Amino acid sequence: MSLFSTFNNLCGSLHRFSHHQRSLSYGIRCFSSHPTDDNNRFRHKVKKPRRAVMYVPGHDQKKLNKIPSLAADCILLDCEDGVGYDKKVEARDTITRLHNKIAANYSREVGVRINSPSSGLASDDIEALFSMEHLPSCIAVPKIDSYQEMKWVCDKMNQTKSQQNRWITERINLIFMCESGQSLMNLKEIIEAGICASAVKKRIACFQISGVIFGSDDFCADLEITRSQDAAELMYARQKLVVTAKSFGLQVIDMVYIDYKDPDGLREQSLQGAKMGFTGKQVIHPNQVDIVQQCFSPSEEKLEWAKQLLDAFQASENKGVFTFRGQMIDMPTILQAQNIVRISANLTAE
């Protein structure tokens with residue numbers, strides 16, 4: 001190995017170490033300055049259900065007009081993949097002009113998916129959104145690959161809010177998209193960047209990080225993965241997303257099922273995602289909404305089981321282990337039943 005190569009390797013190692021130290025220092029400042037109780041450390045409580053998340057291209061007036069007839073928990077007016085590059089400005093302007101009217105006439109959530117930080121368009125997107133009379137309930141940011149990119153988004157939102165002297169009555173829900181191998185590898189640090197940016201500057205932060213969306217198509221393209229019908233090749237990525245995101249109390253939205261004319265396949269993949277721990281799924285067609293939202297909702301049978309189990313637990317003299325419907329029940333099963341009741345209550349509240 002040449003002296004020049006050795007020097008380059010040493011410089012690279014020092015740069016990575018320096019970045020790690022800066023990130024660690026920032027994280028320590030964040031967590032040490034944000035007191036929480038031991039049972040709920042650094043976990044956001046996200047109550048708004050997002051079982052079906054549907055994208056509507058921001059430049060397509062015909063599709064925008066159909067939004068009131070939809071029933072998806074979350075509509076994202078799209079500036080990104082659903083919009084050609086020559087229509088980006090038109091989409092941004094249309095969303096800025098029509099978002100408040102659309103949101104007022106839709107019974108559920110209407111947010112916006114902006115362009116990625118690496119596109120060079122995200123800054124203008126954020127400034128345009130903050131110029132609206134009413135800010136969107138949620139903002140989805142695609143292709144977040146690193147701690148630095150998430151921090152840039154958070155800082156840009158807070159700076160824009162301060163520059164425009166906006167008064168925030170309710171924090172924007174910030175959702176980011178994991179769409180590459182680097183993003184999956186850096187997932188924990190990305191989430192921590194968002195939490196730190198909203199926790200350290202509580203008086204000026206205009207957002208809270210609320211969820212992660214799995215962009216499977218870009219993920220496969222990035223890693224040269226060949227897609228299959230059962231998506232077995234994505235099992236590890238999906239499981240890591242669920243474990244990491246939900247450990248921070250965030251929602252995690254599963255991948256798109258692209259064959260919108262295959263309701264049986266959609267139902268099978270949706271049920272699989274729900275069992276894995278995903279809280280919702282992206283949809284690309286109105287016909288997918290009902291199936292997805294049914295799959296990500298507790299069935300009446302499951303809800304009845306959970307309520308009866310919790311009643312039996314309260315009546316039991318032994319709060320450790322007891323018998324219910326012929327099965328031995330302990331605390332992990334009690335917690336599962338509580339989750340089912342909580343999810344159902346959130347849906348009913350909407």
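I looked up Asp 254 and Arg 238 in this predicted model and found that both residues are buried. Their side chains meet in a salt bridge at 2.7 Å, N to O, and the pair links distant parts of the chain, since Asp 254 sits in strand S7 and Arg 238 in helix H9 (residues 235-247), 16 residues apart.

From S7 (residues 251-254) I went on to strand S6, with which S7 pairs in the parallel sense over three bridges; here I noted Val 252 as the bridge partner of Val 212. On S6 (residues 207-214) I checked burial and found eight of its eight residues buried. I then followed S6 to strand S5 (residues 172-178), which runs parallel to S6 and is joined to it by seven bridges, with Leu 174 partnered by Ile 209.

I searched the whole structure for salt bridges and recorded 19. One of them joins the side chains of Arg 113 and Glu 80 at 3.4 Å, N to O; Arg 113 belongs to strand S3 (residues 109-113) and Glu 80 to the loop between strand S2 and helix H3, 33 residues apart. I noted both Arg 113 and Glu 80 as buried.

I also looked at Asp 218 and Lys 143, whose side chains meet at 3.7 Å, N to O.

Finally, I listed the network of salt bridges that links Asp 78, Glu 80, Asp 81, Arg 113, Lys 143, Glu 179 and Asp 218.

Key. Residues are numbered from 1 along each chain as its sequence is written. This is a predicted model: local features need pLDDT of at least 70, side-chain atom pairs count only at pLDDT 80 or more; totals for chains, interfaces and linings use all residues. Side-chain values use heavy atoms; hydrogens and water are left out. Buried means under 20% relative accessible area, exposed over 50%, partly exposed in between (1.4 Å probe, protein chains only). Helices (H or I, at least four residues) and strands (E, at least two) are DSSP runs, numbered from the N terminus. Two strands pair if DSSP finds at least two bridges between them. A salt bridge is a side-chain nitrogen of Lys or Arg within 4 Å of a carboxyl oxygen of Asp or Glu.
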